[in-house]
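The following exercises are to be worked through with the sequence and the structure at hand. Each task is followed by a solution in steps.

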Amino acid sequence: MANVAYYNDEEFYLRVYMGHKSRRFGHEFMEFEVCPSGKLRYANNSNYKDDTIIRREVCLGPAVVSELKRIIRMSEITQVDDERWEEPPSARRWELEIKIGNEHICFNCAEIMSLNDIKDSPDPNGLTVLYYLTQDLKCFIMSLINLHFKKKPI
């Protein structure tokens, strides 16, 4: 499979990490990335009852990659400025990295458990855009994993 040219002339990369570390449960996280080649890598470590980490890889077609780009563009995440966001703690954080063509953005924030966590922040509008985008991407990726492997990803 050709690298970037297979999907069109603009390079695409996506990485989402949502996780936390605690003494009781260890490092619990969900992470996925879509590489420029179209490969989706998914990892989930819930540590529930000492479960092992779930890892899946699948190659995405051009239509799926185009839909991911559309979701990202429609969210207007590129208009968000994280200058007023607090530095996230290392124990509970979200990370989002997107590269579409010449645009490259990276966001880090404290773990958002619900929209109530956003209300009192210095930039509720920007964090709301990030929250909804990451939830949309998470649902989309979980659906792909579920369809491809015919099992629940969690």
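**Exercise 1.** How many residues line the second largest pocket, and which of them lie nearest its centre?

*Solution.* The model under study is a predicted one. Step one is the count: 14 residues line the second largest pocket. Step two is the centre, where Glu 86, Ala 110, Asp 117, Ser 121 and Leu 127 lie nearest. Step three turns to the elements: strand E6 (103-110) and helix H2 (116-119) each give two or more residues to this lining.

**Exercise 2.** Determine which residues have the most contacts inside the largest nonpolar core, and examine one of them.

*Solution.* The core comprises 36 residues, and the most contacts inside it belong to Leu 14, Phe 32, Ile 72, Ile 77, Leu 96, Ile 98 and Leu 137. Among the elements giving two or more residues to this core are strand E1 (12-22), strand E2 (26-34) and helix H1 (62-75). Helix H3 gives the most, with nine residues. Next, take Leu 14: beyond its neighbours within four places in sequence, its contacts include Phe 32, Ile 72, Leu 96, Ile 98 and Leu 137.

**Exercise 3.** Is Asn 45 buried or exposed?

*Solution.* First, locate Asn 45 in strand E3 (residues 39-45). Its relative accessible area is 13%. Buried means under 20%, and Asn 45 is therefore buried. Residues up to four places away in sequence aside, Asn 45 touches His 27, Glu 28, Phe 29, Asp 51 and Ile 53.

Key
Residues numbered from 1 in each chain as written. Predicted model: local features only at pLDDT ≥ 70, side-chain atom pairs only at ≥ 80, totals over all residues. Heavy atoms only, no water. Helix = DSSP H or I, 4+ residues; strand = E, 2+ residues; numbered from the N terminus. Buried < 20%, exposed > 50% of the residue type's maximum accessible area, 1.4 Å probe, protein only. Contact = heavy atoms within 4.5 Å. 1 Å grid on protein atoms, 1.4 Å probe; cavity = no way out; pocket = protein on both sides within 12 Å on 5 of 7 lines; lining within 4 Å. Core = buried A, V, L, I, M, F, W, Y, C linked by side-chain atoms within 4.5 Å.
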